[in-house]
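Morning, everyone. Please bring up the model on your screens, and we will walk through it together.

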Amino acid sequence: DISNYMVTLNNQKRLLKDKFYENSVHYCNGGQFSVTKELISFCFSLKYAGQEYTVLIDDNDIPIEIDDLEKFLEDINSKYFEAANQYFAEYNKIKANRSIESIMDFSI
């Protein structure tokens, strides 16, 4: 039973992590950007340096012009923290469950 519980728990955690990554994707000007801490930091450093626009390479290796860097940064910050907060809440629900049945009843 314990091994079944651990397998089920790990599968649920993996599904949650995958959902987090899916929810962390931002689309802008026809480009797809996986929002990461690194992307947020890079955009913040560009904004801090005084840039108002830039060209970024998206997930599909396509150069995308970002004409309003400040709005883009706000959007990706919002996207990242919404996904992270949802991940945190759902992870805590899984962590609180102590049986296979309760974990299996948890819907992702």
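**A histidine and its neighbours**

Start at H26. Leaving out residues up to four places away in sequence, H26 touches G31, Q32, F33, V35, F72, D75, I76 and K79. Touching, or contact, means heavy atoms within 4.5 Å.

Before going on, a word on where this comes from. This is a predicted model, where local features need pLDDT of at least 70, side-chain atom pairs count only at pLDDT 80 or more, and totals for chains, interfaces and linings use all residues. Residues are numbered from 1 along each chain as its sequence is written, and side-chain values use heavy atoms, with hydrogens and water left out.

Back to H26. It lies in strand β1. Helices (H or I, at least four residues) and strands (E, at least two) are DSSP runs, numbered from the N terminus. Is H26 buried or exposed? H26 counts as buried, at 10% relative accessibility. The cut-offs: buried is under 20% relative accessible area, exposed is over 50%, and partly exposed is in between, with a 1.4 Å probe and protein chains only.

Now look at K79, one of the residues that H26 touches. H26 and K79 are 53 residues apart in sequence. In space, their C-alpha atoms are 7.1 Å apart.

Next, S24. It is in the loop between α1 (2–23) and β1 (25–28). S24 is buried too, with a relative accessible area of 2%. What does S24 contact, leaving aside neighbours within four places in sequence? The answer is F33, S34, V35, K79 and A83.

Take C28: the nearest cysteine sulfur is that of C43, 9.8 Å away. C43 is in no disulfide either, and its nearest cysteine sulfur is that of C28. C28 counts as buried at 17% relative accessibility. C43 is buried as well, at 0%.

**Salt bridges**

The structure holds three of these. A salt bridge is a side-chain nitrogen of Lys or Arg within 4 Å of a carboxyl oxygen of Asp or Glu.

One joins D18 and R14, at 3.6 Å, N to O. Why are D18 and R14 separated by about one helical turn? Because they are four residues apart in helix α1. D18 is partly exposed at 34% relative accessibility, and R14 is partly exposed at 41%.

Another joins D75 and K71, at 3.0 Å, N to O. D75 and K71 are four residues apart in helix α3, so about one helical turn separates them. D75 is partly exposed, with a relative accessible area of 26%. K71 is partly exposed at 44%.

E90 counts as buried, at 11% relative accessibility.

**Two positive phi angles**

Last stop: backbone angles. N29 is not a glycine, yet its phi is positive, about 50°. N29 lies in the loop between β1 and β2 (31–34). D61 is also a residue other than glycine, and its phi is positive, near 60°. Where does D61 lie? In the loop between β3 (54–57) and β4 (63–66). D61 is exposed, with a relative accessible area of 65%.

Note on methods:
Disulfide = S-S within 2.5 Å.
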